[in-house]
Amino acid sequence: MADTNNKHQFLVVIQDFTDEGCYARRMEARPKHLAMAESSYPNYIVCGGAIFDSHKTRKMVGSAMICLAESEEELRKKINQDPYVIGKVWERWDIYPYRNGSISSLSGMKRPANAPKKKKSDSPLDDSDDEDESIAESLSSSDAWWFPVMGSIVLFSLYLMFRYLDKKYINILITGYFSIMGCAAISKTALMVTKKVIPVSFLKRHVEKYKVTLSKGSKRLSHVNFTVVHFMLLGASVIFTAYYSITKNWIAANVFGLSFSINAIQLLSLDSFKTGMIMLSGLFFYDIFWVFGTEVMVSVAKNFDAPIKVIWPRDIISFVLDSTKQEHPFTMLGLGDIVIPGIFVALCLRFDRHMSWNRNPVGQFRSTDFPKPYFTACLIAYFIGLATTMAVMHIFHAAQPALLYLSPACILSSLITAASRGELKDLFAYTTEEEENDDKKNKKKSKEQEVDVEPEIPVNDDEEQQQQQQQQQSGADDEEEMEDFVAVPPGGSPKKKKGSKASRKKK
């Protein structure tokens, strides 16, 4: 694939010759044009389609394309070499500088409409039939305003429960609940690690995939895919959960806590930087008040016997070398201090992909091979803030609200990075809410409309071309034979509307 980093986008609007023999010349030159377009994707023609005089007559009078080129002069040279130009189909054209707009915000991001679909995974461990199924729950600015309020209510309620009720029975109930939820969290986290560690080739040779479908009549209600690996991981999670419930080992508790954090960051997302900054700012004051202003936070953290925190020996050397097994003081980091900044760091990664795709919308959208200035800056700032928290805690021998240091670190890192790159406006304009609404509107329109567009890129066989010639001459059933245009990679083929005549014939 050619280097597209220095290429610009152009919109090309083309008009055909108006004589009666133009359509016959188009059909004659079409196979060569399609072959050229397919071989050049996505380094030259990104997408395109036919222009009609109207949707009623559906007479082709031109074409439109989005192309990549280093300059307008280079693009004009390429167009002059097109089979449609050589074959006297295209008469004249206009070229406009162009930039494709953002459609949506890695697994939690929706794939933009101009991005090719990722190939279906061959791994038997993948349960997804659609690469776009993993969409996180977005938090809005109104949710962000309520976060500190609801957090305060829950925290103070727990404090009252531990103060006036028998904490032994409370912890038994809490242990039971977190054991069930933790078993599921560890299983999912272990599955993610297994997918990364074990080669797909090995899994394909030695692991069989099974599928159970729940249906009512001819309608499929739900389905689940599983393998023997899923059962092995689930069994191991059950044993690990039982071990934690009995021993309350601090390392096992940390494994549970980290599993909860990983899954929470996957399930939650922020719809904008405004929302993220509101949430981090609110929790900044929330943490300061409940840690410095009252005993509530520290009291609940010490009495709450559940994996809602990551703990570590304050003096790890003496803890390891001490053979007397006496109690040692532990430091703790609440899962909220991991998850809340974590979803902000994830937002920075999605914004990096958003900006990278806007500048250069080629290749696989799910690829991780793109510049990550915001993600890198925010992640480094998070670790600096965490290190500062630990240092202050050891120096002053007092509990520290981690978000006192983490919230400013995450917010300032993104703002400073945006200011240095001249992208402050883009940072605050970025949102995933509009893209989700656009996606719903597009789906609704696609259901209501059965009118398709003549393709310029997809490859059709000779039989389809002959049928189209006959239909153009007869003027009958022309509307049902047209296909939707989609940009396809080399070797790909377009999908037809379910309601089209051509697709019914193939079925």
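Okay, let's start with Lys-88, which sits in the loop between α3 (83-86) and β4 (90-98); helices here are DSSP runs of H or I with at least four residues, strands are E runs of at least two, and both are numbered from the N terminus. Lys-88 isn't a glycine, yet it has a positive phi of about 60°.

Quick housekeeping. This is a predicted model, where local features need pLDDT of at least 70, side-chain atom pairs count only at pLDDT 80 or more, and totals for chains, interfaces and linings use all residues. Residues are numbered from 1 along each chain as its sequence is written, and side-chain values use heavy atoms, leaving out hydrogens and water.

Lys-248 is another non-glycine with a positive phi, near 55°, and you'll find it in the loop between α7 (228-247) and α8.

Now the inside. The largest nonpolar core has 56 residues, a core being buried Ala, Val, Leu, Ile, Met, Phe, Trp, Tyr and Cys joined through side-chain atoms within 4.5 Å. Phe-273, Met-279, Phe-304 and Phe-344 touch the most other members. Helices supplying at least two residues each include α4 (141-164), α8 (250-267) and α12 (336-359), and α12 gives the most, 10 residues.

Take Phe-344: beyond its neighbours within four places in sequence, its contacts (heavy atoms within 4.5 Å) include Phe-273, Leu-280, Cys-378 and Ile-411. Apart from that core there's another one of 19 residues, among them Phe-10 and Val-85.

Terms used
Buried < 20%, exposed > 50% of the residue type's maximum accessible area, 1.4 Å probe, protein only.
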